[in-house]
Amino acid sequence: SSGINAEYGYLLNNKVKLHSFKVIGSSIEGAVCVHNISFHKTVFVRYSLNNWASFNDIACTYSDQLSPEFDKFLFFVNFGQLYSGMVAEFCLCYRIDTSEFWDNNMGLNYRVVADGPASSSGAVPKPERRGSVQAVPYW
């Protein structure tokens, strides 16, 4: 199908793509696909809670090989205490040797917006629909 070919082409050209993510309380967990162009690689999530005035990097963990060309990595990010209206933005980085490849949702970043009233336990975040997150097929 043309959707599968488009996803395959995107991953071949850009080397890294968010596969999926879900919000769990004040955390997110998800999967990242990378084009397997080097055995030695680092994959991480970069996130910010203050519009990139500062950021944190969280390493992704190797999950499995989707095909000889593609690997899958998993991530879990705990944003800590979030208040209503807070925005967590994140993007993904794939680093090999001296090269870096980024998936930043075509410049929009991926965003999670805290929803609900502010409380001492924090607000429950919800994904904000900016851009689309499509699953990368398992070839």
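## Around Ser48

Leaving aside residues up to four places away in sequence, Ser48 touches Ala53, Ser54, Phe55, Val87, Ala88 and Glu89. Contact here means heavy atoms within 4.5 Å. The model is predicted: local features need pLDDT of at least 70, side-chain atom pairs count only at pLDDT 80 or more, and totals for chains, interfaces and linings use all residues. Residues are numbered from 1 along each chain as its sequence is written, and side-chain values use heavy atoms, with hydrogens and water left out.

Ser48 belongs to strand E3 (residues 42–48). Strands (E, at least two residues) are DSSP runs, numbered from the N terminus. Ser48 is buried, at a relative accessible area of 1%. Buried means under 20% relative accessible area (1.4 Å probe, protein chains only). The side chains of Ser48 and Asn50 make a polar contact at 2.9 Å. Such a contact is a pair of N or O atoms within 3.5 Å, where one must be able to donate a hydrogen and the other to accept it; residues adjacent in sequence count only if both atoms are side-chain atoms.

## The E5–E6 hairpin

Strands E5 (residues 61–67) and E6 (residues 70–78) pair in the antiparallel sense over five bridges. Pairing requires at least two bridges found by DSSP. Two residues lie between E5 and E6 in this hairpin. Ser67 has Phe70 in E6 as its bridge partner.

## Cysteines

The whole structure has zero disulfides. A disulfide is a pair of cysteine sulfur atoms within 2.5 Å. For Cys60, the nearest cysteine sulfur is that of Cys93, 9.6 Å away. Cys60 is buried, at 11% relative accessibility.

Cys91 is buried, with a relative accessible area of 6%.

Key. Buried means under 20% relative accessible area, exposed over 50%, partly exposed in between (1.4 Å probe, protein chains only). Helices (H or I, at least four residues) and strands (E, at least two) are DSSP runs, numbered from the N terminus.
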